[in-house]
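Hi,

Here is the model I promised to pass on.

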Amino acid sequence: MSLTKAVVGFLEIEVVNPAAKFVEKVAFEMPRVTDLADTYKGTWYLSPRQHTIEFVCYNVLFFVLFRVGLYLFRKKGSAFYSRRLDQLTENINANVLSGHVMDKAVLTLLCGSYALTVYHKIFGDNYMYLLQPCHVNILILIFTMVGPRENKFTNMAFNSYLHYIWATIFALSFPDTAENGLWLVIENFWLEHYLLLLVPIYLIYTGRFVVFPLSFSYAVLSYALFSLFHSFVLSGFGLLTGHNLNYMLVPPNSPLMHSLGKYYRVTIYGVTFLMTLISRYVIVEVLSVGLRVKAWRMANNLMREQGIPQTKEKELKRD
């Protein structure tokens with residue numbers, strides 16, 4: 001017991017305290033007094049010491065989860081073994097992006113909304129908020145639409161995004177429509193988030209992407225990427241610039257978040273994991289139920305043409 005205390009004391013004095021002082025020095029302009037009504041500016045709501053410890057612990061944890069998820073994803077015999085993934089991507093409709101007018105219109109809307117966002121953030125003097133997950137997600141959708149259809153990474157990016165749909169639904173349910181006096185700020189907020197919700201559904205039903213089979217390991221991988229982006233990128237840039245990027249420095253202005261105090265971030269990460277599973281296992285499954293009905297009807301029509309008795313939908317699912 002004394003040895004453990006000695007090791008902990010040594011780490012506290014020689015590692016944690018100097019690191020905390022360094023973090024405090026880097027973010028020297030961060031105010032000490034927290035205005036909970038202003039969730040755009042960062043403050044020392046959490047102490048430099050806690051930021052230091054959590055930055056190391058969270059990033060190590062999420063990196064390990066990412067590696068575990070990636071290992072299981074690539075493991076021979078899994079649903080995502082490279083040959084199986086190649087077979088899945090071969091089923092993509094080759095005519096979707098190349099010639100369909102609707103696809104070009106959707107891509108134009110995505111690019112136009114993001115261009116408006118860049119304009120609002122730069123001329124509104126809050127360009128750091130281009131790192132907000134919603135703006136990064138719209139870039140992911142643009143990338144997946146213009147990326148080569150035979151590239152498995154575009155399909156992986158799209159299927160990872162399907163685990164984050166909960167964030168868009170949450171943003172639409174609790175909109176942050178702060179006005180900064182610039183042209184079409186509020187209108188673009190609604191356009192952007194409805195695009196983030198509806199475009200994935202459109203891409204699923206047009207066959208531009210294959211929806212991967214349900215996989216807990218891929219959900220863990222997607223969650224780890226999402227969390228690493230917050231714990232490393234948003235937390236790091238937040239400390240460097242004093243911006244409260246996606247509430248990494250100060251919690252949302254709600255009684256529940258305030259009641260959690262210094263534990264609000266670990267609560268958010270825990271809830272995020274639950275919502276990641278709900279997004280893929282419930283929301284996406286419900287949104288894509290029409291594809292199963294379509295496949296069932298096509299199978300029955302084919303068998304009817306061949307003189308085979310009509311099958312039931314449950315039998316098709318079991319096969």
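**Aromatic pairs**

The structure holds 16 aromatic pairs, where a pair means rings of Phe, Tyr and Trp (its six-membered ring) with centres within 6.5 Å; planes under 30 degrees apart count as stacked, over 60 as edge-to-face and the rest as tilted. One of them is W166 with F226, an edge-to-face pair at 6.1 Å centre to centre, with 70° between the planes. This pair links distant parts of the chain: W166 sits in helix α8 (residues 165-173) and F226 in helix α10 (residues 216-241), 60 residues apart. Helices here (H or I, at least four residues) and strands (E, at least two) are DSSP runs, numbered from the N terminus.

For the cut-offs, buried means under 20% relative accessible area, exposed over 50%, and partly exposed in between (1.4 Å probe, protein chains only).

F212 and Y218 make another edge-to-face pair, with 5.6 Å centre to centre and 75° between the planes. Both F212 and Y218 are buried. There is also an aromatic cluster, made up of Y58, F62, F216, Y223, Y269 and F273.

Before you read on, a word on the ground rules. This is a predicted model, with residues numbered from 1 along each chain as its sequence is written. Local features need pLDDT of at least 70 and side-chain atom pairs count only at pLDDT 80 or more, while totals for chains, interfaces and linings use all residues; side-chain values use heavy atoms, with hydrogens and water left out.

**The chain overall**

The secondary structure comes to 14 helices and 0 strands. Of the 319 residues in the chain, 40% are buried. If you take the contacts (heavy atoms within 4.5 Å) with a separation of 6 or more, 72% are between residues 24 or more positions apart.

**Where α8 meets α9**

Helix α8 packs against helix α9 (residues 185-206) at an angle of about 145°, and the axes are 10 Å apart. Axes are lines fitted to C-alpha atoms, for helices over the stretch in contact, and angles run from 0 to 180 degrees between N-to-C directions. The crossing of α8 and α9 is left-handed, meaning that the near helix is turned anticlockwise from the far one by less than a right angle.

Which residues of α8 and α9 meet? From α8 there are I165, T168, I169, A171 and L172, and from α9 there are F189, W190, H193, Y194, L196, L197 and P200. By class, that contact has 10 nonpolar, 2 polar and no charged residues. (Ala, Val, Leu, Ile, Met, Phe, Trp, Tyr, Cys and Pro count as nonpolar, Asp, Glu, Lys and Arg as charged, and the others, Gly among them, as polar.)

The loop between α8 and α9 holds L184. Phi of L184 is near 65°, a positive value in a residue other than glycine. Most residues other than glycine have a negative phi. L184 counts as partly exposed because its relative accessibility is 29%.

Y247 also has a positive phi, of about 65°, although it is not a glycine. You will find Y247 in the loop between α10 and α11 (255-260), and at 26% relative accessibility Y247 counts as partly exposed.

**Some buried spots**

S227 is in helix α10, and its 1% relative accessibility is why it counts as buried. Leaving aside neighbours within four places in sequence, S227 is in contact with F62 and Y269. F62 and Y269 also belong to the aromatic cluster.

V284, in helix α12 (residues 264-287), counts as buried at 1% relative accessibility. V284 and L162 are 122 residues apart in sequence, but 6.9 Å apart in space, C-alpha to C-alpha. Not counting residues up to four places away in sequence, V284 touches L162, I165 and S279.

Helix α7 (residues 152-161) is mostly covered, with 7 of its 10 residues buried. Those are T154, N155, M156, F158, N159, S160 and Y161.

**Cysteines**

How many disulfides does the structure hold? The count is 0, taking a disulfide as a pair of cysteine sulfur atoms within 2.5 Å. C57 is partly exposed, at 46% relative accessibility, whereas C134 is buried, at 18%.

Cheers
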